[in-house]
Amino acid sequence: MRMAKEITIALAGNPNSGKTTVFNNLTGARQHVGNWPGVTVEKKEGTCRYQGYAIKVVDLPGVYSFTAYSIDEVVARNFVVEEKPDAVVDIVDASNLERNLYLAVQLMEMGTRLIVALNMMDQAESRGYKIDVPQLSYLLDVPVVPMVANRNRGTQELLEEIVKMADGEVQPRKFRLDYGREVEEEIAKLEELISQDDELSQRYSPRWLAVKLLEGDEEVVKTLRATKE
Amino acid sequence: MNREEILRAQEKSLAHLRSVYREDAETVIADARYGFISGLLTEAMRKPAIERRTISDLIDKVLINRWLGIPIFLALLYGVFQFTFTVSVPLMDWIDEGFGWFADQATTISPEWLGSFIGDGIFGGLGSVLVFVPPIFLLFLALAFLEDCGYLARAAFVMDRLMHRIGLHGRSFIPMMLGFGCNVPAIMATRTIENPKDRLTTILINPFMSCGARLPIYILFAGAFFTAHQGLVVFSMYAMGIILAIIMGLVFRKTLLRGPSGHFVMELPPYRLPTITGLVVHMWERGKVFLVRAGTIIFAAVVLIWLLDYTGALEPIGRAIAPIFSPAGFGQWQAAVALVFGLLAKEVVIGTFGTLFTGAEELGGLGDVIGFDLGWTALIAFAFMAMTLIYVPCMAVIGTIRRETNSWKWTVFVIGYTLVLGWIVATLIYQIGSLFT
């Protein structure tokens, strides 16, 4: 018998986006609740099998953003940056796209292998929103899966995309948001300096780190200070 | 060397951008991201020309109305307790009778100490706590309903507006709401509060939110001493907790923890019809904690109390402490012992009485026996309920406060101020109430 290929995926998303429901749909009863190392934030993990893959699903804390304002945000971000999961599924509330996509944009900036799960499509439709899913997927250049998680619709399609991502059929594109001339100039300066530091540039994408520094991110500043020679 | 250079460059860049944009770079970057999203959605999403007023909006017009919001919140809370009571009383009676019967059978067991252990300790002590499984689960079911349908977020919004006016942070109320289940996860939930002073204030006042473990105490005494107005009396305990939390929050914010409050815009999720599975899961998540505690810490505490009582060591402990509570009306050694052991877990207050007064069923219930044996009046019972609400949170909560504040100073402070405040409030209730009776 062929050994199942093991992959790890992370579920990200805003609070109230139906993340827990998606997690339950994917993993059923095969769940394990523990703590993130060093902090008392709850860490939920589960497993599921699909097409010869043993998929470990890690439920990240629900956050609106990957700044460093709360422990939840830091925990979620560190997992994505440090553990580099094989795919990150961002659960997005389709009826509140403007706000929810903010996290997706940040995930793309981090260079993650992102899949957007467009949850609560029924709510969006009942409000009269017409979402052009193929167009959205095309513009973002990431797979977008429409779902209604509380009726368990779209789970299969999501697994399909996860496996495609793991097979290397879908490659994450290099996403680069233009912050405007002034900001970009400063990013370039910082990026240059960061690239000269081998250890830093191996661990993080220099551009991402530069943007974080401009955001005044305490956690990143702390990391720089802590490892200072 | 290079890292220092990076940090210096960062500061230079930030200063430069601030002078160019007159805003922090953080805001400029966030705006760029929202700009990207807005552009993206213009191409990939069509909204109806005139956005339909959704049903959610219409309901919100009423539920978070400036004037109606708080009365509706209080009325719903009251409704929750009436529901909890009405449905659970017959169930509790059955369980109570069941344990009573077993306790009676146990008296025939020999040797005598074993019979006492099983009868008084297990069925009397632990049984008196387990009787409250139905109301606790029903309360959690009702709260799960309010949470899942989206109302709890509105309640937080309404209270948020009130709290803003008194200078408290808005995000505080969500952890406060969680406190109705258990203060441990509630205090952990304060992590979402960015401003450290807001967060600490919220931690300090969170224990005033009546957790599920305090419900049995309220129900026991309300049932025995306030037959006609049980729901109202229990509700008044929850309301007293909320009011004290607001007052103390204000006090801390104006004295020990002065400073500006953080900004936060509350999100109002749309109303949704809760699913049965969701309700059951949420009820179970909170309720199982109670069952686990009953099997572990409460059980251990009850065994300890039985042992101390059987060997005659309990009464002297109680008698040494009891005089402190005389001004509040409950200066009996049994009450003192119950309060001391209630520190392990608040359910143990009931467990202690259960062990000390077994065979209560024939006399109409544990609450009545306490009234009869200790000579308590409704006023004393009310003062005692207030004391159990306010005085030192249970061990698990103290541990959580220690971990989350990372400070023994604040932990000891919580223990001290809640003890003093509880004593003051209970004494005031008893002394002022005595003037009228």
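**View 1. The predicted complex and its confidence scores.** For the complex, the predictor reports an ipTM of 0.92 together with a pTM of 0.61. The average pLDDT of chain B is 84, and 92% of the residues in chain B score at least 70. Where pLDDT is low, the predicted coordinates should not be read in detail.

**View 2. The side of chain A that touches chain B.** In this contact region, 44 residues of chain A meet 43 residues of chain B. Two or more residues each come from helix H2 (71-83), helix H3 (97-109), strand S7 (130-131), helix H5 (133-140), helix H7 (181-195), helix H9 (206-214) and helix H10 (218-226) of chain A. The element that gives the most is H7(A), with seven residues. By residue class, this side of chain A is made up of 21 nonpolar, 11 polar and 12 charged residues.

**View 3. Strand pairing between the two chains.** S7(A) is joined by two bridges to strand S1 (residues 45-46) of chain B, and the two strands run antiparallel. Within this pairing, Lys130(A) is placed opposite Arg46(B), a residue of S1(B).

**View 4. The nonpolar cores.** The largest nonpolar core holds 120 residues, and Phe221(B), Ala383(B) and Met385(B) are those with the most contacts inside it. When neighbours within four places in sequence are left aside, Ala383(B) is in contact with Ala328(B), Gly329(B) and Phe330(B), and also with Ala426(B), Ile429(B) and Tyr430(B).

**View 5. A hardly covered strand of chain A and its partner.** Strand S2 (residues 31-35) of chain A has five residues, and the count of buried residues among them is zero. Five bridges link S2(A) to strand S3 (residues 42-50) of chain A, with the two strands paired in the antiparallel sense. One of the facing positions sets His32(A) opposite Glu45(A) in S3(A). As a guide to reading such a view, side chains in a regular strand alternate between the two faces of the sheet.

**View 6. Chain A as a whole.** The secondary structure of chain A comprises 10 helices and eight strands, and 47% of its 229 residues are buried. Of the contacts in chain A with a separation of 6 or more, 65% are between residues 24 or more positions apart.

Note on methods:
Residues are numbered from 1 along each chain as its sequence is written. Chains are lettered from A and ligands numbered from 1 in the order in which they are written. This is a predicted model: local features need pLDDT of at least 70, side-chain atom pairs count only at pLDDT 80 or more; totals for chains, interfaces and linings use all residues. pLDDT is the predictor's confidence in each residue, from 0 to 100. Two residues are in contact if their C-beta atoms, placed from the backbone, lie within 7 Å. Helices (H or I, at least four residues) and strands (E, at least two) are DSSP runs, numbered from the N terminus. Ala, Val, Leu, Ile, Met, Phe, Trp, Tyr, Cys and Pro count as nonpolar, Asp, Glu, Lys and Arg as charged, and the others, Gly among them, as polar. Two strands pair if DSSP finds at least two bridges between them. A nonpolar core is a set of buried Ala, Val, Leu, Ile, Met, Phe, Trp, Tyr and Cys residues joined through C-beta atoms within 7 Å. A residue is buried if 20 or more other C-beta atoms lie within 10 Å of its own, exposed if 12 or fewer, and partly exposed in between; C-beta atoms are placed from the backbone.
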